[in-house]
Amino acid sequence: MANGVLIYAEIRGGELTNATWESIAAGQALAAALGTTAKAVMIGNGLADHAAKVATKDLAEVLTIEHEKLAMYTPDGFAAAMVEAIRDADPEWVVFSHSYQVRDFAPRVAARLDRALIGDVIKLKVENGQVTLVRQIFQGKINADVTCRTDAPRMISFQSGAYRTDAAKDGSASVRSIATEVGSVDIRWTAEERFKEVKGAIDLSAAPRIVSVGRGIKSDENLGLVRDLAEALDAEVAASRPICDNGWLPMDRQIGSSGQTVTPQLYVAVGISGAIQHVVGMKNSGTIVAINKDKEAPIFDLADFGVVGDLFEVVPAIIKKLKE
Amino acid sequence: MKIVVCIKQVPRRDDLLRINADKTWVDEASLSFEANESDTYALEEALRLKEKHGGEVVVATLGAADASKTIKEALAKGADRAIHMCDAPLVGLDAVATARSLAAAIGPESPDLIFTGLQSDDLGYGQTGVLLAEMLGLPHASIVIALETSEDGATVRAKRELENGWFQWVSMKTPALLTIQSGINKPRYASLKGIMGAKKKPVDMKTASDLGLGADALTSREAIGTLYIPVREKQTEMLEGDADTVAAALVSRLRDNGII
Ligand SMILES: Cc1cc2nc3c(=O)[nH]c(=O)nc-3n(C[C@H](O)[C@H](O)[C@H](O)COP(=O)(O)OP(=O)(O)OC[C@H]3O[C@@H](n4cnc5c(N)ncnc54)[C@H](O)[C@@H]3O)c2cc1C
Ligand SMILES: Nc1ncnc2c1ncn2[C@@H]1O[C@H](COP(=O)(O)O)[C@@H](O)[C@H]1O
């Protein structure tokens, strides 16, 4: 009978991801609540060092699936290997982090096993063995309690930050390599090396103060207002994705999961709703100020100071005050 | 080249969301609707490929009767025809059941390319495209931010967005499925001529039984229970009053704390 929790440990660019430790913490918490144990699985080629690191956590076992076809990530290779890991471990629950890599292959695993992947979960609640998962919908404006209606294996991916990396409990696990048939899988991708775009003139990660602008600014003609505020605060200008998508500011000003991660002393979010993909890039800033006309905007959940109001009235007033 | 674009109609992003009385969904009566943001980029990318290679752009939408508005808009922008899956058993499906429905409608079309958005702005599963690829036995690339096609359309080279500013190009043979990220292009507006022309373009209405989908295929694997507004966990100091008052309060807080 299916039993236990299987945690996916992700390697990206040759390194274990930070989110892996969050997944381990999440998987351990789920296992503890269900009175069972957790295993981890990693997929790649040449995994010994990574496996040894994961094996220092409180896990029943660390499984590795290694093959030269898995040296570089492909959805075909990783989906096939993950199905093999699930067959081997026969878990009740499978835990992933909601990373771009997982988003790319885990749905294939779900479809192959005809199961749900309950994605982007921020919290789990266990009552009498019944697991309820909390997902954000409408870009973080509403939460939904979600349950899984199928038999094992039931799959979950946790949102970045749902569990703390340092919550992963230490222990000592054995490492076991499992046999794989991935050699016979048709890999339909030719993948090139990963790369970063040439960095712009400004590295925002070093900026002490940032004024960041979102879609609330309405049009690029209004950007002057934000530039003036930045100047008055001696801050750099940054933006949410839609501003860069529209070409109003260059891509290297984008903050978030696909842009830069910043930790300035002061982060002023002007007309930004606070979607998780933006928040992961700025949540560790020192003091966060949010200016938004919607009092329920998720950005207020992280702000130290919140101003509910029209940015076209509030920002000029702040600039005036700063100049006094 | 035949390209199918999956477009979902979602509540307009600036509309105020209210949870309905039984807390199972939002109150839709007070909302207006639009095409999901990344889907509009997917449509634009398809229209550009059609301009380059010739062929046909087909819109596939699963949604209530009033999704016809979003379909019309896509036709006005230049899509050639649409498939509208509209039937009571097709309401409120999870990602797996949605993908299964889309697969049933799109499979027989045998397109060269299928585009979806990378994520819907309402349910935000971020899965439908990849599930659809698996169900149709196609390769895929997700979170695509640039796209090149070979002259004969037999291969595509897609630039994928990875985390933290990393990118990667991947190539594959068509037929293939791509999930499109916002910002890949500049979506066009419908022209007046396009709007007039859209009225004559065919929209193929499909029910669950047209698609050969029984109750089992349409059973959601995950169930949404109660909806609620998230409780704020951080002690945010909300500054209140007219603009000058809040500006003064904010600036003095920042100065007192030595931040500026
Ligand atoms: C895989 C993936 C990766 C992504 N990567 C990123 C990323 O790196 N960075 C990023 O930012 N996003 C990213 N996104 C997009 C993200 O999900 C959100 O869509 C985006 O952050 C929203 O930007 P916004 O807050 O500016 O716009 P919106 O969500 O539209 O919010 C605009 C806000 O402005 C407010 N407003 C409007 N008018 C006024 C006014 N007059 N005065 C005051 N307030 C006003 C509104 O109340 C609203 O809260 C990504 C999404 C996905 C799926
Ligand atoms: N009901 C639907 N009708 C058409 N396309 C859809 C539907 N639901 C999801 N999609 C497509 O799948 C993408 C991802 O949606 P999701 O998996 O819900 O985040 C969307 O951007 C659409 O392109």
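In the predicted model, an oxygen atom of ligand 2 lies 2.6 Å from a polar backbone atom of Gly126(B). Ligand 2, taken on its own, has 480 Å² of accessible area, and the protein covers 98% of it. Two further contacts of ligand 2 involve chain B. One pairs an oxygen atom of the ligand with an N or O atom in the side chain of Asp39(B), at 2.5 Å. The other places an oxygen atom of ligand 2 at 2.9 Å from a polar backbone atom of Cys6(B).

Ligand 1 was examined in the same manner. This ligand is surrounded by 32 residues, and the closest of them are Ser240(A), Ser258(A), Ser273(A), Gln277(A) and Asn292(A). The site is shared between chains, because the residues that surround ligand 1 come from chains A and B. By class, the shell around ligand 1 consists of 17 polar, 8 nonpolar and 7 charged residues. Three helices of chain A, namely α6 (241-245), α7 (276-279) and α8 (311-323), each contribute at least two residues to this shell.

Polar backbone atoms of chain A also approach ligand 1. A polar backbone atom of Arg215(A) is 2.8 Å from an oxygen atom of the ligand, and a polar backbone atom of Arg241(A) is 2.9 Å from an oxygen atom of ligand 1. In the case of Leu311(A), a polar backbone atom lies 2.8 Å from a nitrogen atom of ligand 1. Of the 1,000 Å² that ligand 1 exposes when taken alone, the protein buries 95%.

Helix packing was considered next. Two packed helices are described by the angle between their axes and the distance between the axes. Helix α8(A), which supplies at least two residues of the shell around ligand 1, packs with helix α5 (residues 223-233) of chain A at an angle of about 30 degrees, and the two axes are 10 Å apart. Angles under 35 degrees count as roughly parallel, and α5(A) and α8(A) are therefore roughly parallel to each other. The crossing in which α5(A) passes α8(A) is left-handed.

A second pair in chain A consists of helix α3 (residues 75-89) and helix α4 (residues 100-113), whose axes come within 9 Å and cross at roughly 55 degrees. These two helices, α3(A) and α4(A), are therefore oblique to each other. In this pair, α3(A) passes α4(A) in a right-handed crossing.

Several features of the backbone occur in loops between strands. In chain A, Ala152(A) and Pro153(A) are joined by a cis peptide bond with omega of about -5 degrees. Pro153(A) belongs to the loop between β9 (142-148) and β10 (154-158) of chain A. In chain B, a cis peptide bond links Thr174(B) to Pro175(B), with omega of about 0 degrees. Pro175(B) is located in the loop between β9 (166-173) and β10 (176-180) of chain B. A further feature concerns Phe138(A), a residue other than glycine with a positive phi, near 50 degrees. Phe138(A) lies in the loop between β8 (130-137) and β9 of chain A.

Terms used. Residues are numbered from 1 along each chain as its sequence is written. Chains are lettered from A and ligands numbered from 1 in the order in which they are written. This is a predicted model: local features need pLDDT of at least 70, side-chain atom pairs count only at pLDDT 80 or more; totals for chains, interfaces and linings use all residues. Side-chain values use heavy atoms; hydrogens and water are left out. A residue is near a molecule or strand if one of its heavy atoms lies within 4 Å of it. A polar contact is a pair of N or O atoms within 3.5 Å; within protein, one must be able to donate a hydrogen and the other to accept it, and residues adjacent in sequence count only if both atoms are side-chain atoms. Accessible areas come from the Shrake-Rupley method with a 1.4 Å probe; for residues, only the protein chains shown count as cover. Helices (H or I, at least four residues) and strands (E, at least two) are DSSP runs, numbered from the N terminus. Ala, Val, Leu, Ile, Met, Phe, Trp, Tyr, Cys and Pro count as nonpolar, Asp, Glu, Lys and Arg as charged, and the others, Gly among them, as polar. Axes are lines fitted to C-alpha atoms, for helices over the stretch in contact, and angles run from 0 to 180 degrees between N-to-C directions. Angles under 35 degrees count as roughly parallel, over 145 as roughly antiparallel, 65 to 115 as roughly perpendicular and the rest as oblique. A crossing is left-handed if the near helix is turned anticlockwise from the far one by less than a right angle, and right-handed if clockwise.
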